2 protein chains.
Amino acid sequence: MTQNPDSSLTRLFNPRSIAIVGASATPGKIGAMPVSLLRQHGYDGRILPINPRAESIQGLPAAPDLAALGGEADLVILAVPAALAAQALEQARPGQVGGAVVFTSGFSETGAAGVALQAQLCEIARDRGIRLLGPNCLGYMNVRRNIYATFSPAPANGTVAPGGIGMVSQSGAFGAYAYCMARDRGLGLSHWISTGNEADVDVADCIEWLARDTDTRVIMTYMEGCRDGDKLRRALSAAREAGKPVVVTKIGRTQAGAQAAASHTAALAGDDAVYDALFRQYGAVRARTIEEFFNLGYALDTWKQLPQGKRLGIFTISGGVGALMADDAQDAGLSLPEPAADAQARLLERVPFASGRNPVDVTGQVVSEPGLLLATAEDMLADGRFDALAVFLAAAGSSESLWPTFETFAREMHARRPDVPLAISALFPPERRRELERLGTLVFTDPSAAIRTIGAVAGLAAQPDANPDQAIPAAQTAAPLLASYNEVQAMDVLRLAGLPVPDCTLAADADAAARAATRLGGPVVMKVVSPDILHKSDVGGVKLGLSGDDAVRGAHAAILDSVRTHRPDARIDGVLVAPMAKKGVECIAGVHCDPVFGPVVMFGLGGVFVEVLKDVSFRLAPFGRQQALSMIREIKGYALLQGARGTPPCDIEALADALAALSRFAYARRNDFSSVEINPLLALPQGSGALALDAVLIPTA
Amino acid sequence: MTQNPDSSLTRLFNPRSIAIVGASATPGKIGAMPVSLLRQHGYDGRILPINPRAESIQGLPAAPDLAALGGEADLVILAVPAALAAQALEQARPGQVGGAVVFTSGFSETGAAGVALQAQLCEIARDRGIRLLGPNCLGYMNVRRNIYATFSPAPANGTVAPGGIGMVSQSGAFGAYAYCMARDRGLGLSHWISTGNEADVDVADCIEWLARDTDTRVIMTYMEGCRDGDKLRRALSAAREAGKPVVVTKIGRTQAGAQAAASHTAALAGDDAVYDALFRQYGAVRARTIEEFFNLGYALDTWKQLPQGKRLGIFTISGGVGALMADDAQDAGLSLPEPAADAQARLLERVPFASGRNPVDVTGQVVSEPGLLLATAEDMLADGRFDALAVFLAAAGSSESLWPTFETFAREMHARRPDVPLAISALFPPERRRELERLGTLVFTDPSAAIRTIGAVAGLAAQPDANPDQAIPAAQTAAPLLASYNEVQAMDVLRLAGLPVPDCTLAADADAAARAATRLGGPVVMKVVSPDILHKSDVGGVKLGLSGDDAVRGAHAAILDSVRTHRPDARIDGVLVAPMAKKGVECIAGVHCDPVFGPVVMFGLGGVFVEVLKDVSFRLAPFGRQQALSMIREIKGYALLQGARGTPPCDIEALADALAALSRFAYARRNDFSSVEINPLLALPQGSGALALDAVLIPTA
């Protein structure tokens, strides 16, 4: 869908001149709003109203159409009915117009006729090198340059301050709501963009552009779906490389939500679990609610440095609320190390009934001894054992007499320990809150929201690369492409791809089976291999624990006899001979092709974990060992791999290497294979590796 | 710990006269605050300052001590150092004082000397019939009567409005914070109570008193632990009977939080999972965060009627946010039925590009056609398929020109459909928000918070009784009390208790075994029964699937031979003969005695579910079938009982009946048995019942 992928969006989002087609003098009209907002807020470029039925609009000379316009119009705002939009744009001279914003609805969201209209509009824009925002969108705002290319009434009720947050929303209603919430919460924006039908410019384009925009430090985005997975990956990668965190809200987390999203948006929704994997993999933080969306944006924008790890210090004047925060910390995956013994001792010298352990409780004593706050916190942080500090000051925040204490505390903490970001939970008056925020302190009314937010951003910087540049072994690209793969052929392909598979042989006759068993040494398992037989045991097609020549030859004959009796019609490829499997934890790994994002690797534990609890994790191929480790740790049954139920801990690194190899194979051969299932993938005890015991490989039809 | 459990707390919490021991004229002093607050806010009873070194305090005549006071003092506030508190109270004449509030710290929270001091204070109060709040507490406020028996600075910065919420907090800091938040959020309180060390009056006493207080409609409580489980159960029961919902925040949900709570409070913390079971069982809503605490209190206080079920209608002007809310609804356990076909059709007639399905999206069209809102919502609710309605109006809430539309909408909805409580999510100016709230509409900025809150309170009224009055079968009390129970004896006890156990016989010799097998008919299982052998299979002590006299006699001999060879020292009670078990899902049920709450019944699925995932649920004994069903449905692996993995659905009602019978037994014999474990408790296919296959019964030592 992308037009002119190489041309810049800068003329669109940072124009020196703006033409408004359908400009109106009637207040409240869709074509009146941008003209009046641009003038009101002092846009410093040229405003060019276009209206064939007026000499001037709101005091500015009006041209009848684009053709009549003397010079360039970096941006054209189309505020005319759908049927007239293409017609208006058609008049642009080559190079005259850099971008267009189309407010009007009545395009692809309304059915076949609208789809055709939208396609026509796109073609006209593409022919003229014009990037298109919309149609059916609320436009955009460039806050620093006072560009209001929007008809949203939101800025009319008060504008947001300029700041470092770039905000992109596919939905206009969500975008407008978010604009008002940003204003009410005092967050500063660089840009606000609504993408609507995304005929050309989509959320990914905007993320990538904001990643390169010097005014933007944090990107907040709302999306409903995506049609170009590679572009979204590139955009998230660009933001990551630029060191700009991305907060994302995507609808359709649940079955009910996905169903509603699918009926709302024409965009291909795709599997939400895959989006979730994408966000984890590229270090984008997913917000489940609007509140969380803003808490995260607020933290990422306010903190000058992010916590480098997950070690939280809690510091309160209430032991009870400290315990509540400890609950939240554990839920949020944060650890609570104890302060050093001497720091604890010093606190207890000062306040005998305090608690020096984490959560530290200095008690209400702080009211009569304000110096306690800073002294205790400094002791606590002295030896670098905390990545962030969460402070609860209860109702004391609203005390004006204590304000100097709190202000000094925040100022000194930032000056002395800039490496330990600070969040305070208390009821401060709004202006006091702003003062603390300017110092770089987060302020939350709800201490739990503080902890959850810290948990979500802690260690973001330390996340593994999404997609490290790992050479794909040449061997696996050499694996043959067949019309179908039996078990042994599938194992051979995976072996070439670098996966650990047992040494198995497809024996054509009893002699071959005996030779294979002799070569393997220990007891073997033998199984019939046939494209027509799914459940081998049911037809007597499996024999276990066979040792010695006679036993192997006997089993070979018995298997063939039994299979021929039960299924005389079945084609038989031969009998598989493999070593008896060792003891381990049964896992499952798989690959399927997502229509938007291509090959996706799945991992889970076997049995009830996959079948009843759906306890699986996903990553987009290809990825390296670190991503594989994080997808293994993500499953709820992870404890089982760590050695629950009296079994020894598993070789998790070998498992990770197997998953990474599978991901490289899946990516390199994404056009050849539509799915892989390895079941079981056996996790052996630590140091003993992993083993793919059975595999089904489906080539692309 | 309870003193005078029968005496009322009314003189304490609703006094006609208040003496302040340690009353002071110096502003900011702990003894000055209550005097000035009571006078400032116009308390209509007598204020009696007590101070031996002053003739008058703040313009009121002062007495030197309680003895010198002519008449009664319903309430005495002790604002003197710990060492003087008991001394002051000692002077009270019998009947003179009804209750005392002790602000001072330095009691049990400080170690052994403080514990002794507190005990002395308690004894003096008990002797004089005085109920004691504190020590080490912030006191209380009776908002309607302007009684400020507190030294919290919170009301000095602005008081809360009188209202229907009774608030009880063990922690003073949490309480003060909650007071300020209630004020800032516009919630009205009847009473605000902080219980501190709980030497006498505890959170449970306050809940029970508020349950009977006519000014209180909703109870909000924060607790750290409880020492008297029966009293808390009685209190929650009283609130339930009075139809007053209870919102509770209890710290220590997680290991980290429980550890912090234990180091903070001297109170016995107890197992959090048991508290959680208690709250579920008695219909108290547990809030995990302060934000949630207030959202719940707000909803329960504002809505005139609670949703009768879990069927939610979502109604928005943004399809995207509608889908986001659908995600939240699924998370919150709410269902989203479709509106009737004719309601959908009528909406599409009015707005062709709207969505008539749930979440309904009337689109931004509502701005130009305000009547859409009410007409569509009425159509949607016409045939009674929704229990609550959640509306999202985006940024339109801040538009003054649309206010009459929204006001009419809310007013008419409440008038026409009072049975469908309404929540609106939008950015309203504060005064507009209050207007809607007065109509009975909930207003949330975050639509997700609206949905979560609805989910938490929906169907509260429809919950099963905690503890229905079910006759305890006489038989089970007749089960013999032995020093120890072998497997067969344990099964006999459970059979008498009404649990389904297989027909098993302890055969003393081969003849008896053969007779038992003949009587049972089908194939049997035989196991050695010995107090010295835990793992029967390891010593050849188990034989399966035996049919016919010879096989049974042979197995009997073989078992005894093998056991005597492996364990010549083992005492042998005999050999158990039982029918071969049918196929079913293996569950586990157990009972343990909680030190605070007595016998607690546990339920879970066997294997990894219990061992790795700790996927279990609890209820306090005794309970009936409905509670048992809800504890079964609560586990994550519930799908397995419903027939996942190709197995038929289980007989869940039989399982519930078994759990209820176990709970009645555990309760009736709570002094005789310290634990029961039934493993496995087999859930058979629907209609085939459940079966306790093995049991360990431990009598109280």
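This is a predicted model: local features need pLDDT of at least 70, side-chain atom pairs count only at pLDDT 80 or more; totals for chains, interfaces and linings use all residues.
K614(B) is exposed, with a relative accessible area of 58%, which puts it over the 50% cut-off for that class. Although K614(B) is not a glycine, its phi is positive, about 50°. The residue sits in the loop that runs between α21 (608-611) and β26 of chain B.

Q58(A) has 22% relative accessibility and so counts as partly exposed, since buried would require a value under 20%.

Chain B also contains cis peptide bonds. One runs from N358(B) to P359(B), with omega near 5°; P359(B) belongs to the loop between α12 (341-350) and β16 (360-361) of chain B. Another joins A621(B) to P622(B), where omega is about -5°. P622(B) is in the loop between β26 (616-620) and α22 (625-634) of chain B.

The side chain of T216(A) makes a polar contact of 2.6 Å with the side chain of D213(A). Leaving aside residues up to four places away in sequence, T216(A) touches G164(A), G166(A), S190(A), H191(A), L210(A) and K244(A).

Next comes helix α19 of chain A, residues 510-520. At its start, a side-chain oxygen of D509(A) comes to within 3.2 Å of the backbone nitrogen of D511(A). The buried residues of the helix are A512(A), A513(A), A514(A), A516(A) and A517(A). Among the elements that cover them are the strands β20 (505-507), β21 (524-529) and β23 (574-579), together with helix α20 (549-566), of chain A. After the helix comes G521(A), with a positive phi near 90°.

The axes of α11 (residues 319-331) and α16 (residues 447-457) come within 9 Å and cross at roughly 30°. Angles under 35 degrees count as roughly parallel, and α11(A) and α16(A) are therefore roughly parallel to each other. Their crossing is right-handed. On the α11(A) side the contact is made by V321(A), M325(A), D328(A) and A329(A), and on the α16(A) side by P447(A), S448(A) and I451(A). By class, the contact residues are 5 nonpolar, 1 polar and 1 charged.

How values were computed
Residues are numbered from 1 along each chain as its sequence is written. Chains are lettered from A and ligands numbered from 1 in the order in which they are written. Side-chain values use heavy atoms; hydrogens and water are left out. A polar contact is a pair of N or O atoms within 3.5 Å; within protein, one must be able to donate a hydrogen and the other to accept it, and residues adjacent in sequence count only if both atoms are side-chain atoms. Contact means heavy atoms within 4.5 Å. Buried means under 20% relative accessible area, exposed over 50%, partly exposed in between (1.4 Å probe, protein chains only). Helices (H or I, at least four residues) and strands (E, at least two) are DSSP runs, numbered from the N terminus. Axes are lines fitted to C-alpha atoms, for helices over the stretch in contact, and angles run from 0 to 180 degrees between N-to-C directions. Angles under 35 degrees count as roughly parallel, over 145 as roughly antiparallel, 65 to 115 as roughly perpendicular and the rest as oblique. A crossing is left-handed if the near helix is turned anticlockwise from the far one by less than a right angle, and right-handed if clockwise. Ala, Val, Leu, Ile, Met, Phe, Trp, Tyr, Cys and Pro count as nonpolar, Asp, Glu, Lys and Arg as charged, and the others, Gly among them, as polar.
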